[in-house]
Amino acid sequence: MSEHIHLLPLHRVQVTDAAAWHRVVAASMAHDLPGVPPPGPGHVHAQLTEPALDSHRLTWSAAAPDGTTVAVAGVRLFTSPTRDHLAELELHVHPAHRRRGTGSRLLSAVVAACRTESRRALIVEAAAGSPGEAFCERWGFRRAMTLDHLLMRLDRTDEAAHPHPADDAAPPATG
């Protein structure tokens, strides 16, 4: 059943918008991709406020009746002549607010914007077996490519086990 959610296009992302976006992304990723660190608050703020190469972004937030941001969506609209038919989706719903229609409402807003912008294809990245993959399949996305991402958590890796590049260099020649 759909809860009362207010969708808001974010034309000028404020610091508070970026912080709310980060909270939703961090909660979503912690639930769906445990062990994968979410982007930091600074990265999210930059992604939302700084222009990207050969594209521009449209963003939305979804707020609960109390004003709390419970979901976010962004679409990257590519502008280079060879990719100007493409859009790339990022959509996150806080795990406590899923299965209530919020993600579907955000996707509908994104699809409408893509049509207005004359896009022919919407691409999205979803982890295999994740709620995101199930959501995409429900809405008719089809698998176009499978990627394997490998992750080394540097904050959890023994530094002594990985020598520094200078340690492997040949000793200086003596004369």
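## How H1 meets H2

The axes of helices H1 and H2 come within 9 Å of each other and cross at roughly 120 degrees. The crossing is right-handed. This model is predicted.

Which residues of H1 and H2 meet? On the H1 side they are Val15, Ala18, Trp21 and His22. On the H2 side they are Pro41, Val44, His45 and Leu48.

## Helix H1

H1 covers residues 15-32, 18 residues in total. From first C-alpha to last it reaches 26 Å, close to the 26 Å expected at 1.5 Å a residue.

Buried residues of H1 include Trp21, His22, Ser28 and Met29. Ala18, Ala20, Val24, Val25 and Ala27 are also buried. What do the buried residues of H1 pack against? They pack against helix H2 (41-49) and against strands S2 (55-63), S3 (69-78) and S4 (86-93).

The largest nonpolar core has 19 residues. Trp60, Ala62, Val70, Ala71, Val75, Leu106 and Val110 touch the most other members. S2, S3, S4 and helix H3 (102-116) each supply at least two residues of this core. H3 gives the largest share, 6 residues.

Take Leu106. Leaving aside residues up to four places away in sequence, Leu106 touches Leu7, Trp60, Ala62, Ala71, Val72, Ala73 and Leu91.

A second, separate core holds 10 residues, among them Ala18, Val24, Val25 and Leu48. Ala18 and Leu48 also take part where H1 and H2 meet. In soluble globular proteins, nonpolar side chains tend to be buried together.

Notes
Residues are numbered from 1 along each chain as its sequence is written. This is a predicted model: local features need pLDDT of at least 70, side-chain atom pairs count only at pLDDT 80 or more; totals for chains, interfaces and linings use all residues. Side-chain values use heavy atoms; hydrogens and water are left out. Helices (H or I, at least four residues) and strands (E, at least two) are DSSP runs, numbered from the N terminus. The expected span of a helix is 1.5 Å times one less than its number of residues. Buried means under 20% relative accessible area, exposed over 50%, partly exposed in between (1.4 Å probe, protein chains only). Contact means heavy atoms within 4.5 Å. A nonpolar core is a set of buried Ala, Val, Leu, Ile, Met, Phe, Trp, Tyr and Cys residues joined through side-chain atoms within 4.5 Å. Axes are lines fitted to C-alpha atoms, for helices over the stretch in contact, and angles run from 0 to 180 degrees between N-to-C directions. A crossing is left-handed if the near helix is turned anticlockwise from the far one by less than a right angle, and right-handed if clockwise.
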